[in-house]
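Here are my notes on this one, for you to read with the model open.

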Amino acid sequence: MSGICGENIDSDKHTQMRMPNQMGRHRRRLEGSMHFNYNKLWKLLIDRGMKKKELKEAANVSSASLAKLAKGENIQTDVLLRICEALDVELNDIVDTVRD
């Protein structure tokens, strides 16, 4: 396969290339896309009189993971499950999905 300026391009390597915006850690949200909202988690902590530090210790999650939650960023599902186990709740009790 020929590319720009006639150089040879291996088609397998070409199909594996990523676009620059796919490489970035923070992706721009597309209009109409969905994201997670953790407001239920924060309300639950308030209702139980529990501090984030107590949740961090009870669920064995890092400060970085709690910071990501506070910013509404993505975190690994195992972190969410540990939080659910520590609070004895289901995932839908701490997370909402929201359409932009």
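The points below go from the overall layout to single residues.

1. Ground rules. This is a predicted model, with local features needing pLDDT of at least 70 and side-chain atom pairs counting only at pLDDT 80 or more, while totals for chains, interfaces and linings use all residues. Residues are numbered from 1 along each chain as its sequence is written, and side-chain values use heavy atoms, with hydrogens and water left out.

2. Layout. The protein has six helices and two strands, taken from DSSP runs (H or I, at least four residues, for helices; E, at least two, for strands) and numbered from the N terminus. Along the sequence the pattern reads α-α-β-α-α-α-α-β. Of the contacts with a separation of 6 or more, 58% are between residues 24 or more positions apart; contact here means heavy atoms within 4.5 Å.

3. Burial. Of the 100 residues in the protein, 23% are buried. The cut-offs are under 20% relative accessible area for buried, over 50% for exposed and partly exposed in between, with a 1.4 Å probe and protein chains only.

4. The core. The largest nonpolar core holds 20 residues, and Tyr-38, Leu-41, Leu-55, Leu-69, Ile-83, Leu-87 and Ile-94 have the most contacts inside it. Helices H3 (39-48), H4 (52-59), H5 (63-71) and H6 (77-87) are the elements that give two or more residues to this core, and H6 gives the most, with five. By definition, such a core is a set of buried Ala, Val, Leu, Ile, Met, Phe, Trp, Tyr and Cys residues joined through side-chain atoms within 4.5 Å.

5. Leu-41. Which residues does Leu-41 touch once its neighbours within four places in sequence are left aside? Leu-41 is in contact with Leu-55, Leu-69, Ile-83, Leu-87 and Ile-94.

6. Helix H5. Ser-65, Leu-66 and Leu-69 are buried in H5. They sit on the same side of the helix because they cover an arc of only 100° around the axis, the arc being that of the directions from the helix axis to the C-beta atoms. The buried residues of H5 pack against H3, H4 and H6. After H5 comes Gly-72, with a positive phi near 75°.

7. His-35. This residue belongs to strand E1 (residues 34-37). Buried or exposed? His-35 is buried, as its relative accessible area is 18%. Its side chain makes a polar contact with the side chain of Asp-100 at 2.9 Å. The rule for that is a pair of N or O atoms within 3.5 Å; within protein, one must be able to donate a hydrogen and the other to accept it, and residues adjacent in sequence count only if both atoms are side-chain atoms.

8. Lys-52 on Trp-42. Lys-52 lies over the face of Trp-42, 4.5 Å from the ring centre. To qualify, NZ of Lys or CZ of Arg must be within 6 Å of the ring centre and within 35 degrees of the ring normal.

9. Positive phi outside glycine. Asn-60 is in the loop between H4 and H5, and counts as exposed at 60% relative accessibility. Asp-88, also not a glycine, has a positive phi of about 55°. Asp-88 is in the loop between H6 and strand E2 (96-99) and is exposed, with a relative accessible area of 70%.
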